[in-house]
Amino acid sequence: MKTVSSILNADLHCHSVVSDGTLSPEALAARAAANGVELWALTDHDEISGQHRAAAAAQAHGLKYLTGTEISITFAGQTVHIVGLGFDPDDAALADGLRRTRGGRGQRAQEMADGLAAVGIRGAYEGALKYVGNPELISRTHFARFLVEAGVCRDTSEVFRKYLTEGKPGFVPHRWATLRDAVGWIIDAGGIAVIAHPARYSFSANEEYALFSEFKAHGGQAVEVVTGSHSAVEALQYAETAREFGLAASRGSDFHSPDESRIDLGALPLLPGTLTPVWELLEDRIR
Ligand code: AMP
Ligand code: MN
Ligand code: MN
Ligand code: MN
């Protein structure tokens with residue numbers, strides 16, 4: 001029954017060194033298992049090259065696994081994240097789309113470093129590179145780690161607030177994939193598309209309505225309700241949105257690092273029992 005399924009300790013959102021996390025896929029699998037996670041997905045940004053490692057490590061711990069990724073898209077002028085779950089990790093079109101999405105990151109990083117140099121912070125590109133686990137995936141998180149190391153800020157959230165968000169010196173606007181493409185790549189690879197952490201965006205009510213309706217129209221089927229990025233009130237709010245749009249609900253910590261993440265793997269509140277958990281739609285793809 002639904003209540004039984006929603007009490008599953010599923011954690012379907014986290015990051016490894018393949019994107020901007022600090023742990024290997026193997027270390028994450030061990031941590032998830034130790035924390036009592038019962039169903040896990042590694043969802044590196046714009047990357048699926050850690051999927052076979054994650055699945056093998058999960059299996060070694062007797063941990064059920066779903067393939068995952070988190071795709072960066074641009075919608076109504078903002079960056080939105082679309083999680084994909086349960087796709088074929090060897091799908092060529094998905095891999096190709098993600099490779100193109102990653103393509104602009106090198107140039108963007110150079111421009112971010114130029115912006116930081118203009119306010120007196122030198123060597124940020126080289127500094128960020130030291131933290132990068134995957135040369136195709138240099139991200140703002142790596143710059144944030146360097147700025148903390150350099151003593152510019154006390155922690156990474158202060159770096160984002162002062163340097164790496166819209167209007168700040170290290171922010172470079174970027175055009176990612178489209179909503180249609182990202183949802184299409186996931187579905188064509190046999191997976192399910194999920195709107196990640198909807199409370200993190202600053203859309204107007206009309207823009208958010210457009211995001212959810214277009215996502216549905218493209219075949220999207222789920223939304224993150226319980227995530228490390230949502231307060232309890234936001235989780236309730238998006239539980240209502242899920243019901244309104246007929247979407248299944250997902251749950252994921254968005255864990256990046258033992259030193260930085262507020263919520264550890266598996267340490268989230270449960271999904272409200274009245275929603276359809278996304279894993280009910282993915283039963284045949286759980287390994
Ligand atoms: P990028 O894909 O290079 O734009 O980097 C986005 C990543 O930066 C996100 O996936 C988060 O890991 C991190 N991030 C974004 N905003 C914040 C914030 N306010 N505080 C800490 N980390 C953040
Ligand atoms: Mn991240
Ligand atoms: Mn995200
Ligand atoms: Mn994430």
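Figure 1. Of the 287 residues in the chain, 53% count as buried. Please keep in mind that this is a predicted model. The chain holds eleven helices and eight strands. Its radius of gyration is 18 Å, close to the 19 Å that the globule rule gives for 287 residues, so the chain is as compact as a globular protein of that length. Along the principal axes, the C-alpha atoms fill a box of roughly 60 × 45 × 40 Å. If we look at contacts between residues at least 6 apart in sequence, 73% of them join residues at least 24 apart.

**Figure 2. The surface and the charges of the chain.** The chain carries 26 positive and 36 negative side chains. How far apart do the centres of the two sets lie? They are 3 Å apart.

Figure 3. Strand 1 is joined to strand 2 (residues 39-40) by two bridges.

Figure 4. Gly68 belongs to strand 4 (residues 68-75). Is this glycine buried or exposed? With a relative accessible area of 0%, Gly68 is buried, because buried means under 20%. Thr43 is 25 residues from Gly68 in sequence, yet their C-alpha atoms are 4.4 Å apart in space. Leaving aside neighbours within four places in sequence, the residues in contact with Gly68 include Leu42, Thr43, Glu47, Ile48 and Gln51. Gly84, Leu85 and Phe87 are also among the contacts of Gly68.

**Figure 5. Strand 6, covered on both faces.** Strand 6 spans residues 192-195. Ile192 and Val194 lie on one side of this strand, Ala193 and Ile195 on the other, and all of these residues are buried. Which strand runs antiparallel to strand 6? That is strand 5 (residues 78-85), joined to strand 6 by four bridges. Gly84 has Ala193 of strand 6 as its bridge partner. Strand 7 (residues 222-227), by contrast, runs parallel to strand 6, and two bridges join this pair. In that pairing, Ile195 stands opposite Val223 of strand 7.

Key:
Residues numbered from 1 in each chain as written. Chains lettered and ligands numbered in written order. Predicted model: local features only at pLDDT ≥ 70, side-chain atom pairs only at ≥ 80, totals over all residues. Heavy atoms only, no water. Rg over C-alpha atoms; globule rule 2.2 N^0.38 Å. Buried < 20%, exposed > 50% of the residue type's maximum accessible area, 1.4 Å probe, protein only. Contact = heavy atoms within 4.5 Å. Lys, Arg positive; Asp, Glu negative; His and termini not counted. Charge placed at Lys NZ, Arg CZ, Asp CG, Glu CD. Pairing = 2+ DSSP bridges.
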